[in-house]
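Here is a short briefing to read alongside the model. Please keep the sequence and the 3D view open as you go.

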Amino acid sequence: MLQAAVLVVAQTIVLLIVSPFIVGLIRKVKARLQLRRGASVFQPYADLAKLFRKQPVVSTATSWIFTATPYLVFASTLAAGLLVPVFTSRIPLSFAGNIIALVYLLALGTFFLILAGLDAGSAFGGMGSSREAIVASLTEPAMIMSIFAIALTAGSTNLSTIVHKTALLEGIVTDPSPHLMALAALFIVAIAETGRVPVDNPATHLELTMIHEAMILEYSGRYLALVEWAAGLKLLVFLTVIVNVFAPWGIATSMEPAALALGLLVYLAKVSGLAVAIGVLESMFAKLRLFRVTEFLGVAFILALLGMIFFYVLRG
């Protein structure tokens, strides 16, 4: 019990500390590719500290949903992070659920964020909420199916079991096609769910292109800090799922201090490398027009479906 409690605290600290750094790293890479100096990779920490010191301004037209949403989004995203192996194949909350629970926890935060955008009563909030609902309805099935394609090889829907077996090279099919298709599908889902280019642009405040930013336009102070921190956490959770489910090598498969330290260093290197790749890709592509987003997300669903079909074909 003590070991499990220590693991919960350690993974929570890692997720909370690393998530703003990943956001700052992506911004830094994009700035350097645009021949700008850019802000420091530690600027998101300063932004969060500044927002926490500010007093929030809340419209009198809003209900309890508006004020409760930042806490619900932050708590559900952090809980989802505790269902994912980070630097060790053991999951702190493995008893609480599997990949189904992970998807539902992330969907819970999205659901309340959509409600908060509508609750504010602004035209931009309603527009962003309707667009986010469309994106979420297309990404969640693709996310579940892409991880199921890997779960079939491991014989379990528990992420701890999947990562542990993959790290020890157990239950891996000889043909990598299902894994590659599932990886491509999950990467597209991660881009869409976290509001990155080409689905959304977190750096814009143009009314006609906003999705995530439109929903949180009415937030300020500590409420905005919690929502922004939760967005960084969500991005880190998706990157963690990608690097540890599809490339878990280096992750600690035991609870020895040396293995845990090595696993943490390898984890930081992998998520930082993936963050750099996202920054490079965002600098290469423009934001898609809204009616093209559904086609883009449809590709993710088809890839995930093909990954599952190829698994059964190869197995047969």
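Gly263 sits in helix 10, where helices are DSSP runs of H or I of at least four residues, numbered from the N terminus. This is a predicted model, in which local features need pLDDT of at least 70, side-chain atom pairs count only at pLDDT 80 or more, and totals for chains, interfaces and linings use all residues. Residues are numbered from 1 along each chain as its sequence is written, and side-chain values use heavy atoms, with hydrogens and water left out.

- Gly263 is buried, with a relative accessible area of 2% (buried means under 20%, exposed over 50%, partly exposed in between, with a 1.4 Å probe and protein chains only).
- Leaving aside residues up to four places away in sequence, Gly263 touches Phe87, Gly250, Ile251 and Ala252 (contact means heavy atoms within 4.5 Å).
- Between the C-alpha atoms of Gly263 and Ala214 there are 38 Å, and the two residues are 49 apart along the chain.
- Ser272 also lies in helix 10, which covers residues 257-284.
- Ser272 is buried, with a relative accessible area of 18%.
- Not counting residues up to four places away in sequence, Ser272 touches Phe21, Ile22 and Leu25.

*Helix 7 by itself*

- The 17 residues of helix 7 (residues 177-193) should span 24 Å at 1.5 Å a residue, and the end C-alpha atoms are 24 Å apart, which agrees; the expected span is 1.5 Å times one less than the number of residues.
- Helix 7 is mostly covered, with 12 of its 17 residues buried, including Pro178, Met181 and Ile188.
- After helix 7 comes Gly195, whose phi is positive, near 70°.

*Helix 7 against helix 9*

- Helix 7 packs with helix 9 (residues 221-246) at an angle of about 175°, their axes 10 Å apart; axes are lines fitted to C-alpha atoms, for helices over the stretch in contact, and angles run from 0 to 180 degrees between N-to-C directions.
- The two helices, helix 7 and helix 9, are therefore roughly antiparallel (over 145 degrees; under 35 is roughly parallel, 65 to 115 roughly perpendicular and the rest oblique).
- Among the residues making this contact are His179, Leu186 and Glu193 of helix 7 and Lys234, Phe238 and Phe246 of helix 9.

*Helix 5 against helix 6*

- Helix 5 (residues 123-154) and helix 6 (residues 159-167) pack at about 65°, with axes 9 Å apart.
- Ile147, Ile150, Ala151 and Ala154 of helix 5 meet Leu159, Ile162 and Lys165 of helix 6.
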